[in-house]
Amino acid sequence: MVPAHIEGMGVDPGNGNLIVMLKAENNLFLPVVIGTLETQNIMIHLSGEKPPRPLGPDLFYNTLDLLGVKVLRLEIVDLKEGTFYGRLVLEQRGLEYEIDCRPSDGMALAIRANAPILIAEDVLKVAGINESKINPQGGTPQA
């Protein structure tokens, strides 16, 4: 597993999809297409905004915290037919639990918990993009 962080978010000019761009420690980028709501959930937190009412990821994080569950990490573990698969690794009372999740939902929760984001090396081999292939104007992959 390779540690990564959210490098940026944007719109793919080729098709209009919303993308979160992860940058792995090995300097490969992983563009992940996400929905509008997930984009909002991530962007609001990254910008430091405090919404007047908790968003879905805030509610989930607050509930986990109240129950004494710690978010250890998000792992992006697979890519099948163009869809990324993730899992949240949680800990409570010394026991670890792995929960299947969409990477976008996992990112929204991981950033709230200051938990690391990890990407499987096999996923980066298949879908990772070298920095030289990134469009500096929009931050999205070139065709």
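The buried residues of helix 2 (residues 56-66) are P57, D58 and L64. Buried here means under 20% relative accessible area, exposed means over 50%, and partly exposed lies in between (1.4 Å probe, protein chains only). Viewed down the axis of helix 2, its buried residues fall within an arc of 130 degrees, so they line one face of the helix. The arc is that of the directions from the helix axis to the C-beta atoms. An α-helix has 3.6 residues a turn, so residues three or four places apart point the same way.

The model is predicted; local features need pLDDT of at least 70, side-chain atom pairs count only at pLDDT 80 or more, and totals for chains, interfaces and linings use all residues. Residues are numbered from 1 along each chain as its sequence is written, and side-chain values use heavy atoms, with hydrogens and water left out. Helices (H or I, at least four residues) and strands (E, at least two) are DSSP runs, numbered from the N terminus.

The face of helix 2 turned away from its buried side carries the exposed residues L59 and L66. The buried residues of helix 2 pack against two helices and two strands: helix 1 (36-47), helix 3 (103-113), strand 4 (70-80) and strand 5 (83-92). Contact means heavy atoms within 4.5 Å. Just after helix 2 comes G68, which takes a positive phi of about 75 degrees.

Strand 4 and strand 5 pair in the antiparallel sense over nine bridges. Two strands pair if DSSP finds at least two bridges between them. The bridge partner of E75 in strand 5 is R87. Two residues lie between the strands in the hairpin of strand 4 and strand 5, where E81 takes a positive phi near 50 degrees.

Strand 5 also pairs with strand 6 (95-101). These two strands run antiparallel, joined by seven bridges. In strand 6, Y97 is the bridge partner of L90. The hairpin of strand 5 and strand 6 has two residues between the strands. R93 lies in the loop between these strands. Its phi is near 55 degrees, a positive value in a residue other than glycine. R93 is exposed, with a relative accessible area of 79%.

The structure holds eight salt bridges. A salt bridge is a side-chain nitrogen of Lys or Arg within 4 Å of a carboxyl oxygen of Asp or Glu. E38 forms one with R102, the closest N and O atoms being 2.5 Å apart. E38 lies in helix 1 and R102 in the loop between strand 6 and helix 3, so the pair ties together parts that are 64 residues apart in sequence. E38 counts as buried, at 11% relative accessibility. R102 counts as partly exposed, at 46%. The side chain of R102 also meets that of D105 in a salt bridge (2.9 Å, N to O). D105 is partly exposed, with a relative accessible area of 34%.

Another salt bridge links E98 and R87, with the closest N and O atoms 3.9 Å apart. E98 lies in strand 6 and R87 in strand 5, so the pair ties together parts that are eleven residues apart in sequence. E98 is exposed, with a relative accessible area of 53%. R87 is partly exposed, at 28%. Salt bridges that share partners join R73, E75, R87, E96 and E98 into one network.

K23 is found in strand 2 (residues 18-24). K23 is buried yet has no salt bridge. The nearest side chain of opposite charge is E131, 4.4 Å away. For charge, Lys and Arg count as positive and Asp and Glu as negative; His and the chain ends are not counted. Leaving aside its neighbours within four places in sequence, K23 is in contact with P3, A4, H5, E7, L28, F29 and E131.

The loop between strand 2 and strand 3 (28-34) contains N27. N27 is not a glycine, yet it has a positive phi of about 65 degrees. N27 is partly exposed, with a relative accessible area of 41%.
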